[in-house]
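This report describes a protein from its atoms.

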Amino acid sequence: MQLGLVGLGKMGGNMRERIRRAGHTVIGYDRDPEVSDVASLAELVEKLEGPRVVWVMVPAGAPTQSTVDELKELLSEGDVVVDGGNSRWTDDEKHAAELAERGIGFVDCGVSGGVWGLQNGYALMYGGDKENVAKVQPVFDALKPEGDFGSVHAGKVGAGHFAKMVHNGIEYAMMQAYAEGWELLEAVDSVTDVREVFRSWQEGTVIRSWLLDLAVKALDDDEHLDRLRGFAADSGEGRWTVEAAIDNAVPLPAITASLFARFSSRQDDSPQMKMIAALRNQFGGHAVESKSEH
């Protein structure tokens, strides 16, 4: 099939390549002309045959809203817009209603895979009407990992981003647990090789995971994380998860505590936050701050 892809950054650029490798045609647009296939959104839409599918991979909030607004004027009845960014699920409901005024479908899709997605595939959580999802299905199949798992039609519009939000909240808590354990091991004199303790956990233990593998990789690069400053940003989805928990009276003590721990990293050079920063860089290519910058 043909796909228009808006936003060719770290995620979008690799997604374009993976979809093309599956044999589909992708016309990409980005504000950076060096990576863009076309000069404008209008040209992108013009080059697609109907019914068109346009996948948006731009930052949440105003950039996504302005892109949806422009596509609403450019697309036709029966076309579909997919928001694959990290939008809040309540924005999805708004965008679906706005596009429906012109008969344009909307699917929201939470995407997980970071900088490793091109090689390993992307975990996909999507929401929307069955007929709109069906128009995008060949792209979902191209992006997902090999095998039976890795993608899910989570429910109605907003369900995809809500599921991805909860996924990221769990991710916060898991990273925090690894970071706390690492700091405690580093603090005692009796444990002389913390990195190898972490490495030993990669086989046969109940806490083995991809995040643990990435922690070991980070420690191989910088055994005591001396080059990192203990600062870790929060992407917004951790906050949204806690807010949703409050709205639905669901207790989330571990996820909430992990969010607050990131706030503490902005006050002190926290050893735990060095590990959080290292993990975020390993799986998502997120920026890290070195001590030399401060």
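## Basis

Helices (H or I, at least four residues) and strands (E, at least two) are DSSP runs, numbered from the N terminus. The model is predicted, so local features need pLDDT of at least 70 and side-chain atom pairs count only at pLDDT 80 or more, while totals for chains, interfaces and linings use all residues. Residues are numbered from 1 along each chain as its sequence is written, and side-chain values use heavy atoms, with hydrogens and water left out.

Strand E4 (residues 80-83) pairs with strand E3 (residues 53-56) in the parallel sense over four bridges; strands count as paired if DSSP finds at least two bridges between them. Trp55 has Val82 in E4 as its bridge partner. E4 is also joined by four bridges to strand E5 (residues 105-112), again in parallel, and Val81 stands opposite Phe106 in E5.

Helix H4 (residues 89-100) carries the chain from E4 to E5 in a right-handed β-α-β crossover. Right-handed here means that, with the strands pointing away from the viewer, the path from the first strand over the helix to the second runs clockwise. E3, helix H3 (residues 62-74) and E4 also make a right-handed β-α-β unit.

Within E4, Val80 and Val82 point one way, Val81 and Asp83 point the other way, and all are buried. Buried means under 20% relative accessible area, exposed over 50%, and partly exposed in between (1.4 Å probe, protein chains only).

The whole structure holds 15 salt bridges, each defined as a side-chain nitrogen of Lys or Arg within 4 Å of a carboxyl oxygen of Asp or Glu. One of them joins Lys72 and Glu101 at 2.6 Å, N to O. Because Lys72 lies in H3 and Glu101 in the loop between H4 and E5, this pair ties together parts that are 29 residues apart in sequence. Lys72 is buried at 17% relative accessibility, whereas Glu101 is exposed at 60%.

Lys94 is partly exposed at 40% and Glu98 is buried at 18%. Ala96 also lies in H4 and is buried at 16%; its C-alpha atom is 8.9 Å from that of Gly128, 32 residues away along the chain.

## Core and helices H7 to H12

The largest nonpolar core has 24 residues, of which Trp182, Phe198, Leu225, Met275 and Leu279 touch the most other members. Such a core is a set of buried Ala, Val, Leu, Ile, Met, Phe, Trp, Tyr and Cys residues joined through side-chain atoms within 4.5 Å. Helices H7, H8 (194-200), H9 (210-221) and H12 (271-284) each supply at least two core residues, and H9 gives the largest share, seven.

H8 and H9 are also linked by charge. Arg199 and Asp220 form a salt bridge with the closest N and O atoms 2.7 Å apart. Arg199 lies in H8 and Asp220 in H9, so the pair ties together parts 21 residues apart in sequence. Arg199 is partly exposed at 29%, as is Asp220 at 39%.
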